[in-house]
Amino acid sequence: MPTARFLLWGGLAAAAGGAVLCVLGWYGISGERFAERQLPYLASCTVPGAALLVAGAVLVAAAVLTGPPPAARGPEPAPDTALPPPPSSGGPPLRVPGGTLAHRPDCPLVADRPDAVPAAGDPGLAPCPVCEPWPR
């Protein structure tokens, strides 16, 4: 999410600029003896610098609350309503003699079994929970 990155770097830049303005204001005020000669430094450096510090802190907090970018989070999970992936092999569903489940030909439960036979559309078979040969 580029928004979090933008908020983070914008906040850091605003905070850094605010810190520089506060230091310049402090330096200007420290060289003046009378309060009326210190007011221009307060108005032009210290108050805007403090405002930038607060704005930078708010932007950094918003970036932290928004979360890390998607690349750091990993891929988005598929919604629960999504259909199962299509079969990775084009063969008909298989079953094991005496079994109650239909499997894809590449299912790890029947892939290396020589006794697996085509399911032949038996309506009494349930789909395998591992390979899900057809949508439920």
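Predicted model: local features only at pLDDT ≥ 70, side-chain atom pairs only at ≥ 80, totals over all residues.

**Surface, fold and selected residues**

The protein exposes about 9,300 Å², and carbon and sulfur atoms supply 70% of that area. Accessible areas here come from the Shrake-Rupley method with a 1.4 Å probe, and for residues only the protein chains shown count as cover.

Residues are numbered from 1 along each chain as its sequence is written, and side-chain values use heavy atoms, with hydrogens and water left out.

Let me turn to the overall fold. The secondary structure comes to three helices and four strands, and from the N terminus on the order is α-α-α-β-β-β-β. Helices (H or I, at least four residues) and strands (E, at least two) are DSSP runs, numbered from the N terminus. Of the 136 residues in the protein, 20% are buried. Buried means under 20% relative accessible area, exposed means over 50%, and partly exposed lies in between (1.4 Å probe, protein chains only). Among contacts with a separation of 6 or more, residues 24 or more positions apart account for 55%; contact means heavy atoms within 4.5 Å.

Now to R95, which sits in strand β1, residues 94-95. Is R95 buried or exposed? R95 has a relative accessible area of 19%, and therefore counts as buried. Its side chain reaches the backbone oxygen of G99 at 2.9 Å. Leaving aside neighbours within four places in sequence, R95 is in contact with several residues, including L101, D115, V117 and L125.

How many does a search of the whole structure find? The search finds two, a salt bridge being a side-chain nitrogen of Lys or Arg within 4 Å of a carboxyl oxygen of Asp or Glu. Side chains of opposite charge can pair when their charged atoms come close. D115 pairs with R113 at 3.1 Å, N to O. D115 is partly exposed at 33% relative accessible area, and R113 is partly exposed at 39%. R37 forms a salt bridge with E32, the closest N and O atoms being 3.3 Å apart.

Finally, P123 lies in the loop between β3 (117-118) and β4 (126-127). P123 counts as exposed because its relative accessibility is 79%. The C-alpha atoms of P123 and A102 are separated by 10.0 Å, with the two residues 21 apart along the chain.

Notes. Polar contact = N/O pair within 3.5 Å; in protein donor to acceptor, adjacent residues only side chain to side chain.
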